[in-house]
Amino acid sequence: MTQTPPDMVGKALLLLTLLGDYPDGASLSEVARRAGFPLSTAHRLAAALVRDGYAAVDDVSRRYSLGLQTFALASRVAHRHGFAGSALPVLRALADRTAESALMSVIDGHHQLYVHHVQGSHSVSVSGEPGRRGPLHCTSMGKVLVAFAPDAARKELVESLELTPYTSHTVVDREQFRDEIGRVADQGYAIADEEHEAGIRAIGVPVENPDGIAVAALSVAAPAYRVSREKLLDYLPALREAARELTVLLPPR
């Protein structure tokens with residue numbers, strides 16, 4: 001039996017990852033262009049992914065999207081880490097208590113991976129998409145995940161994260177970022193004041209294991225016009241209570 005070359009496995013995984021950015025599907029030419037693949041290569045990879053259920057293609061529009069087999073694997077990962085049954089009720093209770101959106105993420109290399117989002121009760125509230133990756137340096141959960149990472153990982157992240165300027169409020173100076181992470185570690189929470197998205201403020205806390213390492217992060221996010229930076233601090237008791245509850249419920253990572 002002929003084995004698929006390792007580089008083709010990597011290319012197939014990249015194609016699958018890129019498809020995750022298109023909830024409504026994407027043309028293969030668009031995904032191939034982003035991946036830097038010839039269209040013929042993308043066709044071969046996509047055909048194999050569709051054949052095995054990891055991708056799906058609409059017969060009319062010819063747009064490709066993630067398949068049910070990918071969903072099945074993701075569900076197993078969510079169950080393994082306690083994200084499916086244990087965490088969601090805690091997030092719902094947090095959103096009910098604060099009336100604002102509650103979010104949860106975990107660290108994934110130099111990014112955070114959003115694993116839960118529960119909409120707030122206001123007609124206008126912050127939305128989020130589980131399964132997407134986001135930056136660490138300019139979000140409340142990201143800062144917490146860096147500040148409460150193991151020592152070696154924390155030092156590496158502080159010194160090497162790309163400090164992309166998303167808004168005029170984003171910290172892009174390395175020394176300033178280093179100081180900010182130190183403050184977050186000391187106070188046990190982080191605030192993002194329109195640093196990732198204009199008009200959005202958030203406050204986040206770590207979900208810590210017995211060694212004080214973050215296994216996840218929680219945040220409450222709200223429109224800046226409704227919630228001041230000072231008002232965010234009112235959510236700290238609810239956030240910390242939810243984090244303590246999840247410390248018991250979530251398995252170690």
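## Helices H2 and H3

Leu28, Ser29 and Ala32 in H2 are in contact (heavy atoms within 4.5 Å) with Leu39, Ala42, His43 and Ala46 in H3. The residues of this H2–H3 contact comprise five nonpolar, two polar and no charged. Here Ala, Val, Leu, Ile, Met, Phe, Trp, Tyr, Cys and Pro count as nonpolar, Asp, Glu, Lys and Arg as charged, and the others, Gly among them, as polar.

H2 spans residues 28–35 and H3 residues 39–51. They pack at an angle of about 110°, and their axes lie 9 Å apart. H2 is therefore roughly perpendicular to H3 (65 to 115 degrees). Their crossing is right-handed.

## Model and confidence

This is a predicted model: local features need pLDDT of at least 70, side-chain atom pairs need 80 or more, and totals for chains, interfaces and linings use all residues. Residues are numbered from 1 along each chain as its sequence is written, and side-chain values use heavy atoms, without hydrogens or water.

The chain has a mean pLDDT (the predictor's confidence in each residue, from 0 to 100) of 87, and 89% of its residues reach 70 or more. Where pLDDT is low, the predicted coordinates should not be read in detail.

## Ser219

Ser219 sits in strand E9, residues 214–223. Leaving out residues up to four places away in sequence, Ser219 touches Leu94, Ser101, Ala102, Leu103, Ser140, Met141, Ile203, Gly204 and Leu239.

Terms used:
Axes are lines fitted to C-alpha atoms, for helices over the stretch in contact, and angles run from 0 to 180 degrees between N-to-C directions. Helices (H or I, at least four residues) and strands (E, at least two) are DSSP runs, numbered from the N terminus. Angles under 35 degrees count as roughly parallel, over 145 as roughly antiparallel, 65 to 115 as roughly perpendicular and the rest as oblique. A crossing is left-handed if the near helix is turned anticlockwise from the far one by less than a right angle, and right-handed if clockwise.
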